[in-house]
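Subject: Structure handover

Hi,

Here is the structure I promised you. Please open it and keep it beside this email as you read.

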Amino acid sequence: MEKYLFDRLTSPIYKFTKQAKSGGIVLGINVILALFLANSPWSDSYFHFFEHHFGFVFDGEPYLNFTVHHWINDGLMSLFFFVVGLELKREIVAGELSNPREAMLPIAAALGGMIVPAIIYLALNPSGEAHSGWGIPMATDIAFSLAVLYLLGDKIPLSLKVFLTALAIVDDLGAVLVIAFFYTSEISFANLGLGFALLFLLYLGKRIGIRHVLFYALIGIVVWIAFLLSGVHATISAVLVAFMIPTDVQMKESEFVHNIQSYLKRFKRLDPNNTRPTLTEKQLHLLEKVSIDTRRSIPPLQRLEHAMHPFVTFVVIPIFALANAGVSLDIELSTLFETNVALGVALGLFFGKVIGVVSFTLLMVKLGLGTFPRGMNLRNLFGLGLLAAIGFTMSLFVTTLAFKNPMLIDQAKIGIFAASLFGGICGYLVLNKKEKDKIEVEEV
(Lines give C-alpha, C1' and ligand atoms only; values in the text may rest on other atoms or scores of the structure.)
Protein backbone atom coordinates (compact mmCIF):
# COMPACT_ATOMS: atom_id res chain seq x y z
CA MET A 1 0.00 0.00 0.00
CA GLU A 2 2.88 2.38 0.90
CA LYS A 3 4.62 1.64 -2.37
CA TYR A 4 1.40 2.23 -4.28
CA LEU A 5 0.87 5.53 -2.43
CA PHE A 6 4.46 6.59 -3.18
CA ASP A 7 3.99 5.77 -6.87
CA ARG A 8 0.80 7.83 -6.95
CA LEU A 9 2.59 10.78 -5.36
CA THR A 10 5.64 10.64 -7.64
CA SER A 11 3.87 9.73 -10.87
CA PRO A 12 2.76 13.33 -11.68
CA ILE A 13 6.34 14.56 -11.14
CA TYR A 14 7.70 11.86 -13.43
CA LYS A 15 5.14 12.67 -16.13
CA PHE A 16 5.89 16.39 -15.83
CA THR A 17 9.64 15.90 -16.31
CA LYS A 18 9.01 13.84 -19.44
CA GLN A 19 7.08 16.61 -21.21
CA ALA A 20 9.05 18.73 -23.66
CA LYS A 21 7.59 22.00 -22.34
CA SER A 22 8.44 21.26 -18.70
CA GLY A 23 12.01 22.54 -18.92
CA GLY A 24 10.82 25.91 -20.16
CA ILE A 25 8.21 26.13 -17.38
CA VAL A 26 10.76 25.40 -14.64
CA LEU A 27 13.18 27.86 -16.23
CA GLY A 28 10.46 30.52 -16.33
CA ILE A 29 9.66 30.00 -12.63
CA ASN A 30 13.32 30.48 -11.71
CA VAL A 31 13.55 33.63 -13.82
CA ILE A 32 10.56 35.08 -11.96
CA LEU A 33 12.09 34.02 -8.64
CA ALA A 34 15.41 35.66 -9.52
CA LEU A 35 13.67 38.90 -10.50
CA PHE A 36 11.63 38.82 -7.29
CA LEU A 37 14.70 38.31 -5.09
CA ALA A 38 16.65 41.01 -6.92
CA ASN A 39 13.87 43.52 -6.26
CA SER A 40 12.90 42.42 -2.75
CA PRO A 41 14.11 43.43 0.74
CA TRP A 42 16.50 40.47 0.50
CA SER A 43 18.20 41.74 -2.68
CA ASP A 44 21.53 42.48 -0.92
CA SER A 45 21.67 38.95 0.50
CA TYR A 46 20.68 37.51 -2.90
CA PHE A 47 23.49 39.26 -4.78
CA HIS A 48 26.04 38.77 -1.98
CA PHE A 49 25.45 35.01 -1.83
CA PHE A 50 26.81 34.48 -5.34
CA GLU A 51 29.98 36.44 -4.48
CA HIS A 52 31.12 33.96 -1.84
CA HIS A 53 34.37 32.17 -2.71
CA PHE A 54 35.18 28.50 -2.32
CA GLY A 55 37.85 26.22 -3.72
CA PHE A 56 40.69 23.91 -2.69
CA VAL A 57 43.69 24.57 -0.45
CA PHE A 58 47.03 22.69 -0.61
CA ASP A 59 49.86 23.70 1.75
CA GLY A 60 48.09 26.94 2.45
CA GLU A 61 47.81 27.87 -1.24
CA PRO A 62 44.31 28.24 -2.74
CA TYR A 63 43.57 26.48 -6.03
CA LEU A 64 40.47 26.85 -8.20
CA ASN A 65 39.24 29.42 -5.71
CA PHE A 66 36.27 31.06 -7.43
CA THR A 67 33.00 32.73 -6.54
CA VAL A 68 29.76 30.77 -6.45
CA HIS A 69 28.71 32.72 -9.53
CA HIS A 70 31.91 31.68 -11.33
CA TRP A 71 31.45 28.02 -10.38
CA ILE A 72 27.90 28.09 -11.75
CA ASN A 73 28.86 29.77 -15.03
CA ASP A 74 32.07 27.80 -15.65
CA GLY A 75 31.28 24.59 -13.80
CA LEU A 76 27.60 23.75 -13.91
CA MET A 77 27.18 25.34 -17.32
CA SER A 78 29.93 23.07 -18.64
CA LEU A 79 27.48 20.21 -18.06
CA PHE A 80 24.93 22.12 -20.13
CA PHE A 81 27.45 22.60 -22.94
CA PHE A 82 28.46 18.94 -22.67
CA VAL A 83 24.86 17.89 -23.35
CA VAL A 84 24.69 20.46 -26.17
CA GLY A 85 27.81 18.83 -27.62
CA LEU A 86 26.23 15.38 -27.35
CA GLU A 87 23.09 16.63 -29.13
CA LEU A 88 25.18 18.26 -31.84
CA LYS A 89 27.16 15.11 -32.50
CA ARG A 90 24.02 12.95 -32.54
CA GLU A 91 22.33 15.28 -35.02
CA ILE A 92 25.42 15.34 -37.24
CA VAL A 93 25.93 11.57 -37.14
CA ALA A 94 22.34 10.37 -37.50
CA GLY A 95 19.91 13.25 -37.05
CA GLU A 96 18.53 16.27 -38.86
CA LEU A 97 22.03 17.49 -39.74
CA SER A 98 23.23 14.17 -41.18
CA ASN A 99 21.62 14.72 -44.59
CA PRO A 100 23.35 17.77 -46.15
CA ARG A 101 20.39 18.73 -48.35
CA GLU A 102 17.82 18.50 -45.55
CA ALA A 103 20.19 20.26 -43.16
CA MET A 104 20.81 23.23 -45.46
CA LEU A 105 17.57 25.05 -44.57
CA PRO A 106 17.87 25.07 -40.73
CA ILE A 107 21.61 25.79 -41.04
CA ALA A 108 20.90 28.80 -43.27
CA ALA A 109 18.11 29.94 -40.94
CA ALA A 110 20.45 29.70 -37.96
CA LEU A 111 23.21 31.63 -39.76
CA GLY A 112 20.76 34.37 -40.70
CA GLY A 113 19.50 34.42 -37.13
CA MET A 114 23.05 35.03 -35.90
CA ILE A 115 24.42 37.42 -38.52
CA VAL A 116 21.55 39.93 -38.76
CA PRO A 117 21.14 40.42 -34.96
CA ALA A 118 24.89 41.03 -34.63
CA ILE A 119 24.78 43.61 -37.45
CA ILE A 120 21.86 45.45 -35.83
CA TYR A 121 23.64 45.51 -32.47
CA LEU A 122 26.91 46.74 -33.97
CA ALA A 123 25.08 49.45 -35.92
CA LEU A 124 23.79 50.81 -32.61
CA ASN A 125 27.01 50.15 -30.67
CA PRO A 126 29.88 50.67 -33.14
CA SER A 127 32.56 51.43 -30.56
CA GLY A 128 33.40 51.70 -26.89
CA GLU A 129 32.82 49.26 -24.06
CA ALA A 130 29.32 48.43 -25.31
CA HIS A 131 30.76 47.19 -28.62
CA SER A 132 31.78 43.82 -27.14
CA GLY A 133 28.17 42.80 -26.57
CA TRP A 134 27.52 42.00 -30.25
CA GLY A 135 27.36 38.25 -29.51
CA ILE A 136 24.48 38.60 -27.02
CA PRO A 137 21.54 38.78 -29.50
CA MET A 138 22.91 35.94 -31.65
CA ALA A 139 21.62 33.12 -29.45
CA THR A 140 18.33 31.19 -29.34
CA ASP A 141 17.18 29.48 -26.15
CA ILE A 142 16.19 25.88 -26.96
CA ALA A 143 14.28 25.24 -23.71
CA PHE A 144 12.08 28.34 -23.86
CA SER A 145 11.45 28.36 -27.61
CA LEU A 146 10.53 24.67 -27.75
CA ALA A 147 8.38 25.03 -24.62
CA VAL A 148 6.28 27.68 -26.38
CA LEU A 149 6.12 25.54 -29.51
CA TYR A 150 4.98 22.46 -27.59
CA LEU A 151 2.28 24.48 -25.83
CA LEU A 152 0.60 24.64 -29.24
CA GLY A 153 0.29 20.86 -29.31
CA ASP A 154 -1.13 19.40 -32.53
CA LYS A 155 -1.97 22.82 -33.98
CA ILE A 156 1.38 22.80 -35.75
CA PRO A 157 3.05 19.95 -37.69
CA LEU A 158 5.90 17.94 -36.21
CA SER A 159 8.16 19.20 -39.01
CA LEU A 160 8.14 22.68 -37.44
CA LYS A 161 9.34 21.32 -34.11
CA VAL A 162 12.11 19.41 -35.88
CA PHE A 163 13.07 22.51 -37.90
CA LEU A 164 13.25 24.75 -34.81
CA THR A 165 15.21 22.12 -32.89
CA ALA A 166 17.77 21.81 -35.70
CA LEU A 167 17.95 25.61 -36.02
CA ALA A 168 18.53 26.01 -32.26
CA ILE A 169 21.21 23.31 -32.22
CA VAL A 170 23.11 24.96 -35.08
CA ASP A 171 22.62 28.27 -33.27
CA ASP A 172 24.21 26.73 -30.15
CA LEU A 173 27.17 25.58 -32.22
CA GLY A 174 27.56 29.13 -33.54
CA ALA A 175 27.43 30.48 -29.99
CA VAL A 176 30.11 28.01 -28.91
CA LEU A 177 32.39 29.14 -31.75
CA VAL A 178 31.77 32.81 -30.95
CA ILE A 179 32.66 32.21 -27.29
CA ALA A 180 35.78 30.27 -28.29
CA PHE A 181 37.15 32.83 -30.73
CA PHE A 182 35.88 36.18 -29.44
CA TYR A 183 35.24 35.87 -25.71
CA THR A 184 38.49 34.29 -24.61
CA SER A 185 40.94 36.01 -22.26
CA GLU A 186 44.76 35.73 -22.25
CA ILE A 187 45.78 32.20 -23.16
CA SER A 188 48.12 29.90 -21.23
CA PHE A 189 49.45 27.70 -24.02
CA ALA A 190 50.89 25.17 -21.55
CA ASN A 191 47.47 24.44 -20.03
CA LEU A 192 45.80 24.60 -23.43
CA GLY A 193 48.35 22.13 -24.80
CA LEU A 194 47.66 19.79 -21.89
CA GLY A 195 43.94 20.03 -22.58
CA PHE A 196 44.35 19.12 -26.26
CA ALA A 197 46.77 16.29 -25.40
CA LEU A 198 44.12 14.78 -23.13
CA LEU A 199 41.49 15.26 -25.83
CA PHE A 200 43.73 13.29 -28.16
CA LEU A 201 43.93 10.58 -25.49
CA LEU A 202 40.14 10.46 -25.43
CA TYR A 203 40.15 10.20 -29.23
CA LEU A 204 42.59 7.26 -29.06
CA GLY A 205 40.40 5.62 -26.43
CA LYS A 206 37.42 5.91 -28.75
CA ARG A 207 39.40 4.50 -31.69
CA ILE A 208 40.64 1.44 -29.79
CA GLY A 209 37.14 0.65 -28.55
CA ILE A 210 36.96 1.94 -24.97
CA ARG A 211 33.27 2.29 -24.17
CA HIS A 212 33.28 2.75 -20.39
CA VAL A 213 31.82 6.14 -19.50
CA LEU A 214 34.10 6.47 -16.44
CA PHE A 215 37.18 6.68 -18.71
CA TYR A 216 35.74 9.68 -20.54
CA ALA A 217 34.39 11.27 -17.34
CA LEU A 218 37.69 11.22 -15.42
CA ILE A 219 39.83 12.48 -18.30
CA GLY A 220 37.09 14.93 -19.30
CA ILE A 221 37.23 16.57 -15.85
CA VAL A 222 40.99 17.09 -16.21
CA VAL A 223 40.43 18.54 -19.70
CA TRP A 224 37.92 20.97 -18.16
CA ILE A 225 40.43 22.06 -15.49
CA ALA A 226 43.15 22.54 -18.13
CA PHE A 227 40.88 24.73 -20.26
CA LEU A 228 39.69 26.62 -17.17
CA LEU A 229 43.29 27.52 -16.33
CA SER A 230 44.24 28.19 -19.96
CA GLY A 231 42.06 31.28 -20.45
CA VAL A 232 39.89 29.62 -23.12
CA HIS A 233 36.39 29.40 -21.66
CA ALA A 234 35.95 26.11 -19.85
CA THR A 235 32.59 25.37 -21.45
CA ILE A 236 34.35 24.91 -24.80
CA SER A 237 36.18 21.89 -23.36
CA ALA A 238 32.81 20.33 -22.53
CA VAL A 239 31.72 20.48 -26.17
CA LEU A 240 35.04 19.05 -27.36
CA VAL A 241 34.88 16.19 -24.84
CA ALA A 242 31.31 15.46 -25.96
CA PHE A 243 32.56 15.02 -29.53
CA MET A 244 34.97 12.35 -28.27
CA ILE A 245 32.18 10.16 -26.88
CA PRO A 246 31.66 7.04 -29.06
CA THR A 247 28.48 6.73 -31.12
CA ASP A 248 28.85 3.09 -32.18
CA VAL A 249 27.56 0.10 -30.23
CA GLN A 250 29.14 -3.10 -29.01
CA MET A 251 26.12 -5.15 -30.03
CA LYS A 252 24.20 -4.71 -33.28
CA GLU A 253 20.42 -4.37 -33.22
CA SER A 254 19.80 -7.70 -34.96
CA GLU A 255 22.00 -9.57 -32.47
CA PHE A 256 20.31 -7.80 -29.55
CA VAL A 257 16.80 -8.75 -30.78
CA HIS A 258 17.87 -12.37 -31.29
CA ASN A 259 19.44 -12.57 -27.80
CA ILE A 260 16.45 -10.96 -26.04
CA GLN A 261 14.01 -13.33 -27.73
CA SER A 262 16.18 -16.26 -26.68
CA TYR A 263 16.41 -14.98 -23.09
CA LEU A 264 12.61 -14.58 -22.87
CA LYS A 265 12.00 -18.13 -24.01
CA ARG A 266 14.55 -19.49 -21.51
CA PHE A 267 13.12 -17.28 -18.74
CA LYS A 268 9.63 -18.73 -19.25
CA ARG A 269 10.97 -22.32 -19.19
CA LEU A 270 12.98 -21.84 -15.98
CA ASP A 271 10.02 -21.55 -13.60
CA PRO A 272 6.73 -21.33 -15.52
CA ASN A 273 4.50 -21.84 -12.45
CA ASN A 274 6.34 -19.51 -10.07
CA THR A 275 3.97 -17.97 -7.49
CA ARG A 276 6.70 -16.65 -5.20
CA PRO A 277 7.52 -12.92 -5.09
CA THR A 278 11.23 -13.67 -5.60
CA LEU A 279 13.17 -15.04 -8.56
CA THR A 280 15.44 -18.07 -8.78
CA GLU A 281 19.21 -17.71 -9.15
CA LYS A 282 19.00 -18.82 -12.78
CA GLN A 283 16.33 -16.23 -13.50
CA LEU A 284 18.44 -13.51 -11.89
CA HIS A 285 21.46 -14.58 -13.91
CA LEU A 286 19.40 -14.43 -17.10
CA LEU A 287 18.09 -10.94 -16.28
CA GLU A 288 21.66 -9.79 -15.71
CA LYS A 289 22.47 -10.92 -19.24
CA VAL A 290 19.48 -8.92 -20.52
CA SER A 291 20.75 -5.86 -18.67
CA ILE A 292 24.31 -6.26 -20.01
CA ASP A 293 23.14 -6.78 -23.61
CA THR A 294 20.81 -3.79 -23.33
CA ARG A 295 23.68 -1.62 -22.16
CA ARG A 296 25.95 -2.89 -24.95
CA SER A 297 23.29 -2.12 -27.59
CA ILE A 298 22.97 1.58 -26.62
CA PRO A 299 25.63 3.99 -27.95
CA PRO A 300 27.57 5.61 -25.06
CA LEU A 301 26.70 9.03 -26.50
CA GLN A 302 22.95 8.45 -26.29
CA ARG A 303 23.25 6.75 -22.91
CA LEU A 304 25.00 9.83 -21.50
CA GLU A 305 22.64 12.26 -23.19
CA HIS A 306 19.58 10.39 -21.90
CA ALA A 307 20.99 10.23 -18.36
CA MET A 308 22.19 13.84 -18.15
CA HIS A 309 19.43 15.69 -19.98
CA PRO A 310 16.93 15.75 -17.05
CA PHE A 311 19.63 16.94 -14.61
CA VAL A 312 20.73 19.73 -16.95
CA THR A 313 17.14 20.74 -17.76
CA PHE A 314 15.75 20.74 -14.23
CA VAL A 315 18.83 21.54 -12.13
CA VAL A 316 21.67 23.18 -14.09
CA ILE A 317 19.73 25.66 -16.25
CA PRO A 318 17.32 26.73 -13.45
CA ILE A 319 20.29 27.36 -11.10
CA PHE A 320 22.01 29.34 -13.86
CA ALA A 321 18.83 31.41 -14.32
CA LEU A 322 18.54 31.97 -10.58
CA ALA A 323 22.14 33.22 -10.46
CA ASN A 324 22.07 35.36 -13.62
CA ALA A 325 18.52 36.53 -14.29
CA GLY A 326 18.31 38.74 -11.22
CA VAL A 327 18.35 42.41 -12.21
CA SER A 328 17.11 45.37 -10.25
CA LEU A 329 14.21 47.03 -12.06
CA ASP A 330 14.66 50.16 -10.00
CA ILE A 331 16.46 51.84 -12.86
CA GLU A 332 15.75 55.22 -14.44
CA LEU A 333 15.00 55.35 -18.16
CA SER A 334 17.83 57.84 -18.63
CA THR A 335 20.24 55.31 -17.13
CA LEU A 336 18.75 52.43 -19.10
CA PHE A 337 19.28 54.25 -22.39
CA GLU A 338 22.55 55.88 -21.41
CA THR A 339 24.07 53.48 -23.92
CA ASN A 340 22.46 51.54 -26.77
CA VAL A 341 23.13 48.15 -25.19
CA ALA A 342 19.52 47.43 -24.15
CA LEU A 343 18.21 48.75 -27.47
CA GLY A 344 20.81 46.83 -29.49
CA VAL A 345 20.09 43.56 -27.70
CA ALA A 346 16.28 43.95 -27.84
CA LEU A 347 16.13 45.02 -31.49
CA GLY A 348 18.83 42.53 -32.46
CA LEU A 349 16.92 39.64 -30.94
CA PHE A 350 13.36 40.63 -31.83
CA PHE A 351 13.82 42.05 -35.33
CA GLY A 352 17.22 40.58 -36.22
CA LYS A 353 16.19 37.00 -35.54
CA VAL A 354 12.97 37.28 -37.56
CA ILE A 355 14.62 39.05 -40.51
CA GLY A 356 17.62 36.70 -40.48
CA VAL A 357 15.70 33.43 -40.12
CA VAL A 358 13.00 34.29 -42.66
CA SER A 359 15.20 35.98 -45.30
CA PHE A 360 17.99 33.38 -45.29
CA THR A 361 15.47 30.53 -45.42
CA LEU A 362 13.58 32.05 -48.36
CA LEU A 363 16.87 32.79 -50.13
CA MET A 364 17.86 29.13 -49.89
CA VAL A 365 14.48 28.07 -51.28
CA LYS A 366 14.68 30.59 -54.14
CA LEU A 367 18.17 29.37 -55.05
CA GLY A 368 16.95 25.78 -55.06
CA LEU A 369 19.38 24.81 -52.29
CA GLY A 370 16.67 23.70 -49.90
CA THR A 371 12.95 22.92 -49.69
CA PHE A 372 10.36 23.69 -47.06
CA PRO A 373 9.57 20.70 -44.84
CA ARG A 374 6.02 19.35 -45.12
CA GLY A 375 3.56 21.69 -43.42
CA MET A 376 5.85 24.73 -43.52
CA ASN A 377 4.50 27.99 -44.94
CA LEU A 378 5.38 31.67 -44.75
CA ARG A 379 3.23 32.34 -41.71
CA ASN A 380 4.66 29.63 -39.50
CA LEU A 381 8.18 30.39 -40.76
CA PHE A 382 7.58 33.92 -39.48
CA GLY A 383 6.30 32.44 -36.21
CA LEU A 384 9.43 30.32 -35.83
CA GLY A 385 11.54 33.44 -36.42
CA LEU A 386 9.72 35.11 -33.53
CA LEU A 387 10.33 32.11 -31.25
CA ALA A 388 14.01 32.22 -32.22
CA ALA A 389 14.04 35.71 -30.65
CA ILE A 390 13.86 34.03 -27.25
CA GLY A 391 17.56 34.25 -26.54
CA PHE A 392 17.45 33.80 -22.82
CA THR A 393 19.94 31.23 -21.45
CA MET A 394 22.74 31.57 -23.99
CA SER A 395 22.27 35.34 -24.29
CA LEU A 396 22.59 35.74 -20.52
CA PHE A 397 25.68 33.53 -20.61
CA VAL A 398 27.35 35.62 -23.32
CA THR A 399 26.45 38.76 -21.34
CA THR A 400 28.53 37.51 -18.41
CA LEU A 401 31.49 37.11 -20.79
CA ALA A 402 31.02 40.34 -22.76
CA PHE A 403 30.72 42.84 -19.91
CA LYS A 404 32.26 43.49 -16.51
CA ASN A 405 30.42 46.78 -15.97
CA PRO A 406 27.30 46.04 -13.83
CA MET A 407 25.34 48.82 -15.57
CA LEU A 408 25.95 47.31 -19.02
CA ILE A 409 25.09 43.84 -17.71
CA ASP A 410 21.76 45.09 -16.35
CA GLN A 411 21.00 46.92 -19.60
CA ALA A 412 21.73 43.77 -21.61
CA LYS A 413 19.55 41.65 -19.32
CA ILE A 414 16.59 44.01 -19.68
CA GLY A 415 17.02 43.93 -23.47
CA ILE A 416 17.08 40.11 -23.36
CA PHE A 417 13.97 39.94 -21.16
CA ALA A 418 12.02 42.37 -23.33
CA ALA A 419 12.86 40.67 -26.64
CA SER A 420 12.38 37.15 -25.27
CA LEU A 421 9.01 38.02 -23.74
CA PHE A 422 7.65 39.75 -26.83
CA GLY A 423 9.17 37.16 -29.16
CA GLY A 424 7.59 34.30 -27.23
CA ILE A 425 4.14 35.94 -27.01
CA CYS A 426 4.08 37.07 -30.65
CA GLY A 427 5.42 33.73 -31.88
CA TYR A 428 2.71 31.88 -29.96
CA LEU A 429 -0.04 34.14 -31.32
CA VAL A 430 1.18 33.83 -34.92
CA LEU A 431 1.50 30.04 -34.80
CA ASN A 432 -1.75 29.62 -32.86
CA LYS A 433 -3.76 31.44 -35.53
CA LYS A 434 -5.91 29.17 -37.68
CA GLU A 435 -4.59 28.71 -41.18
CA LYS A 436 -6.76 30.11 -43.96
CA ASP A 437 -4.36 29.89 -46.80
CA LYS A 438 -1.58 27.40 -47.02
CA ILE A 439 1.38 28.84 -48.83
CA GLU A 440 3.56 25.92 -49.65
CA VAL A 441 7.07 26.07 -51.01
CA GLU A 442 5.89 25.87 -54.63
CA GLU A 443 4.13 29.21 -54.20
CA VAL A 444 7.12 30.92 -52.61
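Start with Glu91 and Arg90, whose side chains meet in a salt bridge (3.0 Å, N to O). Do keep in mind that this is a predicted model.

Is Glu91 buried or exposed? Its relative accessible area is 9%, and buried means under 20%, so Glu91 is buried. Arg90 has a relative accessible area of 24%, so it counts as partly exposed. Glu91 is found in helix H4, which covers residues 68-94. Leave aside its neighbours within four places in sequence. Glu91 is then in contact with Glu96, Leu97, Ser98 and Ile169.

Arg90 also meets the side chain of Glu305 in a salt bridge (2.7 Å, N to O). This pair links distant parts of the chain. Glu305 sits in helix H13 (residues 300-324) and Arg90 in helix H4, 215 residues apart. Glu305 counts as buried, at 9% relative accessibility.

Next, another pair. Which residue does Arg211 meet in a salt bridge? The partner is Asp248, at 2.6 Å, N to O. Arg211 lies in the loop between helix H8 (189-207) and helix H9 (213-230). Asp248 lies in the loop between helix H10 (234-242) and helix H11 (253-270). The pair therefore ties together parts that are 37 residues apart in sequence. Arg211 counts as buried at 13% relative accessibility, while Asp248 is partly exposed at 37%.

How many salt bridges does a search of the whole structure find? It finds four.

Now the strands. S1 (residues 53-58) and S2 (residues 61-67) pair in the antiparallel sense, over five bridges. Phe56 stands opposite Tyr63 in S2. S1 is hardly covered: among its six residues, the count of buried ones is zero.

Leu367 is found in the loop between helix H15 (341-366) and helix H16 (378-387). Its relative accessible area is 55%, so Leu367 is exposed, the cut-off being over 50%.

Last, the overall layout. The protein is divided into domain 1 (12-184 + 233-248 + 299-432) and domain 2 (254-292). Their C-alpha centres lie 46 Å apart.

Best wishes

How values were computed. Residues numbered from 1 in each chain as written. Predicted model: local features only at pLDDT ≥ 70, side-chain atom pairs only at ≥ 80, totals over all residues. Heavy atoms only, no water. Helix = DSSP H or I, 4+ residues; strand = E, 2+ residues; numbered from the N terminus. Buried < 20%, exposed > 50% of the residue type's maximum accessible area, 1.4 Å probe, protein only. Pairing = 2+ DSSP bridges. Contact = heavy atoms within 4.5 Å. Domains from an automatic or database assignment.
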